Amino acid sequence: FAHCNDTSVSAIGFSLRVLLLGFAASLSAVVSRNNYQTVRKVLTSELRYDSLVDRLPEMIFTLDSHGHFVWSNKGCTDLLGVSPDKLSGMNIRSFFNKPEQLKLDQGGVKTTLEINDARGERKFVDCSIQRVVRGSPEEAFEGLLADVTDRELAISQREEMIDRLFQYQKM
């Protein structure tokens, strides 16, 4: 730089700054593009998950420690006759014919129970509820209810037919 005048030194400094800014902008664009693609993939994945969960015929839900619904997929509308937003805050036991059968204090439940939905229809559900190990205090249990009314009625009808058969054989 000894043979360069002040104008050429400042021109070189300016050019160097422009090159560094250009490099930083290019690097920022690459990072931003990668971030955008990552965010887009996450959002797409979440939308697919939500769509899949809401199309399930089973009811998936979260309960607080007292048995009140915190969240549910749209399966609750067909099974219980209540939309997810109206279900929030209701107690799961209010749908069971024998609420004492649901003992959440044991940490988990897996059984078939008889319920009455919001329309008063009698149904049978397979109920599976587990304590949440992680999460907030508002989310103490996660569970699934599956409508098994047809199965239970078929079993009941079969048992009645067997009873009648035995009665006819005794005659």
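Trainee: What makes Arg 119 partly exposed?

Mentor: This is a predicted model, and in it Arg 119 has a relative accessible area of 47%. Buried means under 20% and exposed means over 50%, so Arg 119 falls in between and counts as partly exposed.

Trainee: Why is Asp 117 called buried, then?

Mentor: Its relative accessibility is 5%. The cut-off for buried is under 20%, so Asp 117 makes it into that class.

Trainee: And what about Glu 121, which class does that get?

Mentor: Glu 121 comes out at 40%. That lies between 20% and 50%, so Glu 121 is partly exposed.

Trainee: How do you know that Asp 117 and Arg 119 form a salt bridge?

Mentor: Check the gap: their closest N and O atoms are 3.1 Å apart. The limit is within 4 Å, so the pair qualifies.

Trainee: What makes Asp 117 and Lys 123 a salt bridge?

Mentor: The closest N and O atoms there are 3.4 Å apart, and that is within 4 Å, so this pair counts too. Both Asp 117 and Lys 123 are buried.

Trainee: Why do Arg 119 and Glu 121 count as a salt bridge?

Mentor: Their side chains meet at 3.5 Å, N to O. Again that is within 4 Å, so they pass.

Trainee: Which residues does the network of salt bridges link?

Mentor: Asp 117, Arg 119, Glu 121 and Lys 123. In the whole structure, a search finds 6 salt bridges.

Trainee: Switching to the sheet, what makes E2 and E3 edge strands?

Mentor: The order is E2-E1-E5-E4-E3, and strands E2 (69–72) and E3 (108–116) each pair on one side only.

Methods:
Residues are numbered from 1 along each chain as its sequence is written. This is a predicted model: local features need pLDDT of at least 70, side-chain atom pairs count only at pLDDT 80 or more; totals for chains, interfaces and linings use all residues. Side-chain values use heavy atoms; hydrogens and water are left out. Two strands pair if DSSP finds at least two bridges between them. Helices (H or I, at least four residues) and strands (E, at least two) are DSSP runs, numbered from the N terminus. Buried means under 20% relative accessible area, exposed over 50%, partly exposed in between (1.4 Å probe, protein chains only).
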